[in-house]
Amino acid sequence: MLHQNPNPSLWTGRKSESIEYWHQAAISVRDLKLEEGQETPKVGILGYAGEEGVKRNQGRLGTAEGPNAIRKSLGMLAFHLPEKSRIFDYGDIYTENSDLESSHDLITKTVLNLLETKHFPILLGGGHDLALAHGRGIYKHLASKNQKLGIINMDAHFDLRPTIDGKAHSGSPFLQLAEENINTFKYLCLGVQRSVNPKSLFKTAEDVGAKWMVMEDFRLNNWEVIQEKILWFLDSVDKVYLSVDMDGFSSAFAPGVSAPSPMGFRPEFAFKVFELLASSKKLISMDVVELNPAFDHDHATARLAARCAEYVARKVLA
């Protein structure tokens with residue numbers, strides 16, 4: 001099985017008699033035995049300790065260490081979720097012998113199970129190819145409910161590149177999801193940078209019916225326009241899957257990524273978007289991807305990734 005049980009020693013932080021920090025609230029669950037039956041709000045954390053997709057996309061290696069780096073930073077954060085909330089850490093799914101497809105299959109199955117057992121899944125990457133497996137699980141969950149899924153990707157890249165010899169990679173997940181869900185694919189990419197997306201990718205985005213905002217327009221002084229675009233997108237779907245690629249942030253705040261850029265968005269602006277999405281009550285799942293601890297500075301990117309996960313969970317479960 002391509003699964004590694006959670007390591008409770010990663011969840012550390014300040015001590016207190018009551019639950020005041022995430023490390024005290026996190027419950028490590030072995031062998032992917034999902035917690036069922038509880039009506040209390042549940043967060044299901046699943047790591048993707050994989051970088052085969054990044055390797056295929058000619059990116060910098062190191063993302064396989066991302067999930068544990070985020071857990072370490074999460075554990076130290078103050079716990080402000082509803083009192084009865086539970087956080088379950090289900091460990092990591094990894095890739096063995098470059099068999100990306102098998103690890104993706106297990107992620108898809110696990111995401112489906114998390115949603116069926118009423119968790120709010122937070123997946124920690126790992127390469128952005130995680131979105132293909134993650135998205136497949138959500139589509140399967142919603143299929144029986146006849147509900148429309150909207151995907152919002154906060155990213156410098158469209159990640160709509162074609163597969164390589166028919167194989168998935170970290171730049172192809174949303175094109176693959178578009179091809180698998182031709183009539184239902186709804187995708188909004190926020191923070192696209194022209195410098196790393198050639199004209200052909202903008203053409204692909206048009207062909208699959210994607211919506212986007214380029215980095216020049218994705219700024220705080222343009223908030224009314226951005227808010228209107230997001231709200232229009234939210235009105236067109238029943239549920240939303242949020243994917244946060246850490247390379248969408250400016251490298252001043254997120255140096256530890258596979259493809260850093262000085263021209264990304266700022267954390268406080270991203271969190272304004274998170275709050276808008278959470279307030280819709282349509283946010284069903286999220287992932288935080290492309291953290292590369294090998295290039296991080298004083299764990300700055302890991303801390304920011306953890307803050308993204310904590311903030312969204314707090315707002316969704318409130």
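Tutor: Let us begin with helix H9, whose buried residues are Pro-267, Phe-269, Ala-270, Phe-271, Val-273, Phe-274, Leu-276, Leu-277 and Ala-278. Buried means under 20% relative accessible area, exposed means over 50%, and partly exposed lies in between (1.4 Å probe, protein chains only). Helices (H or I, at least four residues) and strands (E, at least two) are DSSP runs, numbered from the N terminus. This is a predicted model, in which local features need pLDDT of at least 70 and side-chain atom pairs count only at pLDDT 80 or more, while totals for chains, interfaces and linings use all residues. Residues are numbered from 1 along each chain as its sequence is written, and side-chain values use heavy atoms, with hydrogens and water left out.

Student: What covers the buried residues of H9?

Tutor: The cover includes strand E6 (149-154), strand E7, helix H8 (223-235), strand E9 (239-245), strand E10 (283-289) and helix H10 (300-317). Contact here means heavy atoms within 4.5 Å.

Student: How is the span of H9 compared with the expected one?

Tutor: The expected span of a helix is 1.5 Å times one less than its number of residues. H9 (residues 267-279) has 13 residues and reaches 18 Å from its first C-alpha to its last, close to the 18 Å expected.

Student: How many of the residues of H5 are buried?

Tutor: In H5, 11 of 14 residues are buried, and the helix is thus mostly covered. Among them are Leu-130, Ala-133, Ile-138, Tyr-139 and Leu-142.

Student: Why do the buried residues of a helix such as H7 line one face?

Tutor: An α-helix has 3.6 residues a turn, so residues three or four places apart point the same way. In helix H7 (residues 199-207), the buried residues are Leu-201, Phe-202 and Ala-205. Viewed down the axis of H7, these fall within an arc of 105 degrees, so they line one face of the helix; the arc is that of the directions from the helix axis to the C-beta atoms. The face of H7 turned away from the buried side carries the exposed residues Lys-199, Glu-206 and Asp-207. Strand E7 (187-192) and strand E8 (211-214) are included in what covers the buried residues of H7.

Student: How is the packing of two helices described?

Tutor: Two packed helices are described by the angle between their axes and the distance between the axes. Axes are lines fitted to C-alpha atoms, for helices over the stretch in contact, and angles run from 0 to 180 degrees between N-to-C directions. The axes of helix H4 (residues 100-116) and H5 come within 8 Å and cross at roughly 40 degrees. H4 and H5 are therefore oblique to each other. Angles under 35 degrees count as roughly parallel, over 145 as roughly antiparallel, 65 to 115 as roughly perpendicular and the rest as oblique.

Student: Which pair of helices is roughly perpendicular?

Tutor: Helices H3 and H10 pack at an angle of about 65 degrees, with their axes 8 Å apart. That angle makes H3 roughly perpendicular to H10. The contact is made by Ala-69, Ile-70, Ser-73 and Leu-74 of H3 and by residues of H10 including Ala-302, Ala-305 and Ala-309.

Student: What is the handedness of the crossing of H3 and H10?

Tutor: A crossing is left-handed if the near helix is turned anticlockwise from the far one by less than a right angle, and right-handed if clockwise. The crossing of H3 and H10 is right-handed. The crossing of H4 and H5 is right-handed, and that of H8 and H9 is right-handed.
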